[in-house]
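Open the model in your viewer and keep the selection tool ready. Each stop says what to select and what is there.

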Number of protein chains: 2
Amino acid sequence: MARLLSLVEDAHPALPEVMAALAPHGGRAHVIGLTGAPGVGKSTTTSALITAFRQAGRRVGVLAVDPSSPFSGGALLGDRIRMEQHATDPDVFIRSVASRGHLGGLSFATPQALRVLDAAGFDVVLVETVGVGQSEVEVAARADTTVVILAPGMGDGVQAAKAGILEIGDVFVVNKADRDGADDTVRELRHMIQLGNREHSVDWRTPVVRTVASRGDGIPELVDCLAAHRDWLQESGRLETRRRERARAEIEAIAVAELRRRMGGDGGPVPDDLASSVAAGTTDVYAAARRVVERLTREPRRQ
Amino acid sequence: MARLLSLVEDAHPALPEVMAALAPHGGRAHVIGLTGAPGVGKSTTTSALITAFRQAGRRVGVLAVDPSSPFSGGALLGDRIRMEQHATDPDVFIRSVASRGHLGGLSFATPQALRVLDAAGFDVVLVETVGVGQSEVEVAARADTTVVILAPGMGDGVQAAKAGILEIGDVFVVNKADRDGADDTVRELRHMIQLGNREHSVDWRTPVVRTVASRGDGIPELVDCLAAHRDWLQESGRLETRRRERARAEIEAIAVAELRRRMGGDGGPVPDDLASSVAAGTTDVYAAARRVVERLTREPRRQ
């Protein structure tokens, strides 16, 4: 499985074949996105959830989507180290997803990595992303159930993060709920949910769960909320809609990556002279883009 | 100018015409990217730089790239409020850039917004992004000069951020340098630069500047480093290379946006039945993407 996931990260030429073979074997895993600003305790919460799911006999896959490495090509080890307590459990699989280069990025790699874990028969797949950054937030929002994690007293950074991730939460967690200000955070959050979250308020009452993930407090309640949301998705027909939208985004990301590849992709031949003349102001950028698109759509398939 | 920038954010149909008109009027501004994790004092540093540049008689444009709003479509007011002290100065223009929807996102909007400010005759354009998130880091890295800001004692979150943004820094700032641990942060940083930053070490000695931006300490040194880097870029021929790469990325982003538009774009018609059958596992995702690409590249231009 680790090798399959490497194929995904490397956008390996064999990937289409692999994905075709996996296609019929998916759709069973409950895909749960966990997101929140740095420092709220995402990894601790993820770890506590793994423990809880394992106690219930469920197999758990984890994708830690790592936003830090567009340039280095490597993934941070931090999350993996923090989760080493699960490393010896054969029914837990943890992997950091980095996006090597820009060819499609996270929106390319993550859904395909999900597909691998799903086909491998994991009952639950947790996708942990930092809740800052456009691509990262989109990735979290493509789960079946999206959990947004906050912590009391995190100041401006979190306030900002809240604004961006409020609308994607199906379940909210106020972690470190034993700290000062937890009540305020919960109250403020409920207020914001009421104001902002129109789609959900109709037929899904977005819960706010208090946890102290490091001690396991509140985790059973969180697990219940996740199960309730999964049931609601199924009964309301939303599960099918969400998965169709996830598939649509995945198709688009692959199609765009293929088009980029034909364009020369990463640092590739949008011809130097065209780029230079745009930089110099002698060609306007839309005229240049038009030329690239026309060449691309007229040429016969190269591969 | 505010209206021009709105055209950019909305990907307005008149944009190609506008950009064609602006094309010959650019290339003079020094484009400076500022990035760093939440809480390191990016806005305070930006604000201090504005003050310093204004004292030197230079006109300053600021783009605050806001990662929080792929879903709400709005930009946060925080940065703008923090910079209100400059609001009455007609030679300072500050704007938050949100990416409305996903059609190209930040990589689409930001370079074109830059182009507007550049053509308007600003001497310096500061692009402030949060240093977390794939798109956000890419945007910062496309500047002429990229400034990476850190602060002592920010814990894991910053450690993570460092790993991702280390390789894009031309100039490093350790802000809040009056705090405990500043010496350690500087030392660690110098060590990491030495290890990691091969391209630069050849002919540009990446400086680490200590600042207390809230008091203006270290800001003159930072301004000197920025000027030195600009001179180095020009003398070494790197300015041309970087701007060519920026133009290339801009061309690509516009071309991809156009292709996405033809694909139906955001939530559009990658046909429902195709997306559904991928979600159900009856069509594999690469076969679906291939179908989309083929239709796209065969069809005559629709518009």
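**Before you start**

This is a predicted model: local features need pLDDT of at least 70, side-chain atom pairs count only at pLDDT 80 or more, and totals for chains, interfaces and linings use all residues. Residues are numbered from 1 along each chain as its sequence is written, while chains are lettered from A and ligands numbered from 1 in the order in which they are written.

**Stop 1: chain A**

Select chain A. It has 13 helices and seven strands. These are DSSP runs numbered from the N terminus: helices are H or I with at least four residues, strands E with at least two. Of its 303 residues, 55% count as buried. Buried means 20 or more other C-beta atoms within 10 Å of a residue's own; exposed means 12 or fewer, partly exposed in between, with C-beta atoms placed from the backbone. Look at contacts next (C-beta atoms, placed from the backbone, within 7 Å). Among those between residues at least 6 apart in sequence, 76% join residues at least 24 apart.

**Stop 2: helix 1 of chain A**

Select residues 2-9 of chain A, which form helix 1. A:Leu4, A:Val8 and A:Glu9 are buried here. They cover an arc of only 145° around the axis, so they sit on the same side of helix 1 of chain A. The arc is that of the directions from the helix axis to the C-beta atoms. Turn to the face away from the buried side: A:Ala2, A:Arg3 and A:Ser6 are exposed there. Just after the helix, A:Ala11 has a positive phi of about 50°.

**Stop 3: strand 4 of chain A**

Select residues 124-130 of chain A. Seven of the seven residues of strand 4 are buried, so the strand is largely enclosed by the rest of the structure. A:Val124, A:Leu126, A:Glu128 and A:Val130 cover one side; A:Val125, A:Val127 and A:Thr129 the other.

Pairing takes at least two DSSP bridges. A:Ile32 has A:Leu126 as its bridge partner. Strand 2 (residues 60-65) of chain A also pairs with strand 4 of chain A in the parallel sense, over six bridges. There, A:Ala64 stands opposite A:Glu128.

**Stop 4: two helices of chain B**

Select helix 3 (residues 42-55) and helix 10 (residues 219-236) of chain B. Their axes come within 10 Å and cross at roughly 75°. Axes are lines fitted to C-alpha atoms, for helices over the stretch in contact, and angles run from 0 to 180 degrees between N-to-C directions. The two helices are therefore roughly perpendicular (65 to 115 degrees). B:Ala48, B:Leu49 and B:Ala52 in helix 3 of chain B meet B:Ile219, B:Pro220 and B:Val223 in helix 10 of chain B.

Terms used. Contact = placed C-beta atoms within 7 Å. Parallel < 35°, antiparallel > 145°, perpendicular 65-115°, else oblique.
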